[in-house]
Amino acid sequence: ELNCTLFLLACYAKYQCPYVWIRSNHERLIKATSGNWASKDSPLKLNSTRDWRQSGGQIWEIVAELVELCTWPTPSNPFTLDIRYFESLPLIERFLASGAMADFLQRIVIHGNREKLYYTKGNVLT
């Protein structure tokens, strides 16, 4: 898809923090200065991965940063759902995707940082 960017998120025990690579649609986000594949295949320099060890990072912080990086205009809540997407899926996939998303959002509610924008005005995930 033209407007879709695929990322690879990997954690290595040796480095004790995750890294993110762009796997498709590189040109939308980065311009390699040297023009060679090695520069395109370097991990992204994200605030959420840079601060991982100091801030007790959570995976949803990386997801939020990627959504904010890829979406224009930047959403006020990076976890706002597009219900039409779920409705467009075949029934079995809809159940699986809905359940996975509910679990993901529940983890944010239970373990997330209440100072973040997705906890606005006392309403969780508004």
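Student: In what order do the elements of the protein chain run from the N terminus on?

Tutor: The model is a predicted one. Its protein chain holds seven helices and two strands. Read from the N terminus on, the order of these elements is β-β-α-α-α-α-α-α-α.

Student: Where is the place of I108, and is I108 buried or exposed?

Tutor: I108 has its place in helix 7, which covers residues 91–111. Buried means a relative accessible area under 20%. The value for I108 is 0%, so this residue is buried.

Student: How are helix 5 and helix 7 oriented at their packing, roughly parallel or roughly perpendicular?

Tutor: Helix 5 spans residues 59–70, and its axis lies 10 Å from that of helix 7, at an angle of about 110°. Angles of 65 to 115 degrees count as roughly perpendicular. Helix 5 is therefore roughly perpendicular to helix 7.

Student: Which residues of helix 5 and helix 7 make the contact?

Tutor: Helix 5 passes helix 7 in a left-handed crossing. By class, the contact of the two helices has five nonpolar, one polar and one charged residues. Helix 5 supplies I59, W60 and V63, and helix 7 supplies F104, R107, I108 and H111.

Student: What separates the C-alpha atoms of I108 and E61?

Tutor: I108 is among the residues of helix 7 in the contact with helix 5. Along the chain, I108 and E61 are 47 residues apart, while their C-alpha atoms are separated by 9.5 Å.

Student: What share of the residues of the protein chain counts as buried?

Tutor: The accessible surface of the protein chain comes to about 9,200 Å², with 57% belonging to carbon and sulfur atoms. Of the 126 residues, the share that counts as buried is 25%.

Definitions and conventions: Residues numbered from 1 in each chain as written. Predicted model: local features only at pLDDT ≥ 70, side-chain atom pairs only at ≥ 80, totals over all residues. Heavy atoms only, no water. Helix = DSSP H or I, 4+ residues; strand = E, 2+ residues; numbered from the N terminus. Buried < 20%, exposed > 50% of the residue type's maximum accessible area, 1.4 Å probe, protein only. Axes fitted to C-alpha atoms, helices over the stretch in contact; angles between N-to-C directions. Parallel < 35°, antiparallel > 145°, perpendicular 65-115°, else oblique. Left-handed = near helix turned anticlockwise from the far one by under 90°. Contact = heavy atoms within 4.5 Å. Nonpolar A, V, L, I, M, F, W, Y, C, P; charged D, E, K, R; others polar. Areas by Shrake-Rupley, 256 points an atom, 1.4 Å probe, with all protein chains shown as cover.
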